[in-house]
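My entries follow in the order of the look-ups.

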Amino acid sequence: VALAGAFMLVWLFLAGGILDRFARNRATRGRAFFGACGVYFPRFLRLGILGLVGYWLLFGLVHGWLFERVWKAATHDMTVERTAFLLRLALYAVFGALLAFWNVVLDYAKIRAVVEDRYSMLGALLAAWRFVVRKPAAVGGLYLLNGACFVVVLVLYALVAPGAAGGLQIWTGFAIGQIYILARLFVKLTFYASQTALFQQSLAHAAYTAAPVPVWPD
């Protein structure tokens, strides 16, 4: 739990600089990158608290309502096991869609906070909610495409990852594990980059992404 919490904090710190770099679409160098990390880290911490509230509502209330009330009420007099199984799969699909929706809203809240330099994370969250609701096809299609890339990485790793062995295979397994970590990081960065590009293209934030005006002798 401690390692997971530390990882989340570090990633939350870096997210501001990463999104700022993607939004500007040009090199920002170390000072500007970590400057953006420091600026947005406190804001993202507040956004993280709002995100935890949303996840608590989903897992604490919605999950119980779906799988306790709805499931039990629907299967109380049901005699066909296959129908009950399909109904449970449908409820899992509904809950998974709600989780994905909240995850996407939080992603676009970070993006709006960076691109529009928002101080209010509640305002960024509501603005992200409106953006996702207004463009469900584009947002959902991009999320599924990125999700498919993540699944491909997992499948490839499952196919090539060696089992327990000794000798040279230990180093082979270590190398494959490092490549897998890099691939997962690449997919995560692609998530942020593509979502930022979609948002900026949709709302035409050209002034933010425009390159600096060339100055003599450039």
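Predicted model: local features only at pLDDT ≥ 70, side-chain atom pairs only at ≥ 80, totals over all residues.

Residues are numbered from 1 along each chain as its sequence is written, and side-chain values use heavy atoms, with hydrogens and water left out.

**Entry: confidence**

I looked up pLDDT, the predictor's confidence in each residue, from 0 to 100. The chain averages 86, and 92% of the residues score at least 70. Elements here are DSSP runs, numbered from the N terminus: helices are H or I of at least four residues, strands are E of at least two.

**Entry: α1 against α6**

I took axes as lines fitted to C-alpha atoms, for helices over the stretch in contact, with angles from 0 to 180 degrees between N-to-C directions. Helix α1 (residues 2–24) and helix α6 (residues 168–203) have axes that come within 10 Å and cross at roughly 50°. The two helices are therefore oblique to each other; angles under 35 degrees count as roughly parallel, over 145 as roughly antiparallel, 65 to 115 as roughly perpendicular and the rest as oblique. Their crossing is right-handed. On the α1 side the contact (heavy atoms within 4.5 Å) is made by W11, A15, I18, L19, F22 and A23, and on the α6 side by L185, K188, L189, Y192, A193, T196 and Q200. I sorted by class: Ala, Val, Leu, Ile, Met, Phe, Trp, Tyr, Cys and Pro count as nonpolar, Asp, Glu, Lys and Arg as charged, and the others, Gly among them, as polar. The contact of α1 with α6 has 10 nonpolar, 2 polar and 1 charged residues.

**Entry: α1 against α3**

At what angle do α1 and helix α3 (residues 81–115) pack? I read about 65°, with the axes 9 Å apart. This crossing, too, is right-handed. L12, G16, L19, D20 and A23 in α1 meet K110, I111, V114 and V115 in α3. I count by class 6 nonpolar, 1 polar and 2 charged residues in this contact.

Leaving aside neighbours within four places in sequence, L12 is in contact with F41, F44, L45 and K110. L12 and G48 are 36 residues apart in sequence and 8.7 Å apart in space, C-alpha to C-alpha.

T28 also counts as buried, at 13%.

**Entry: positive phi**

Most residues other than glycine have a negative phi. R29 has a phi near 65°; R29 lies in helix α2 and is exposed, with a relative accessible area of 66%. D117 has a positive phi of about 50°. I placed D117 in the loop between α3 and α4, partly exposed at 38% relative accessibility.

How values were computed. Left-handed = near helix turned anticlockwise from the far one by under 90°. Buried < 20%, exposed > 50% of the residue type's maximum accessible area, 1.4 Å probe, protein only.
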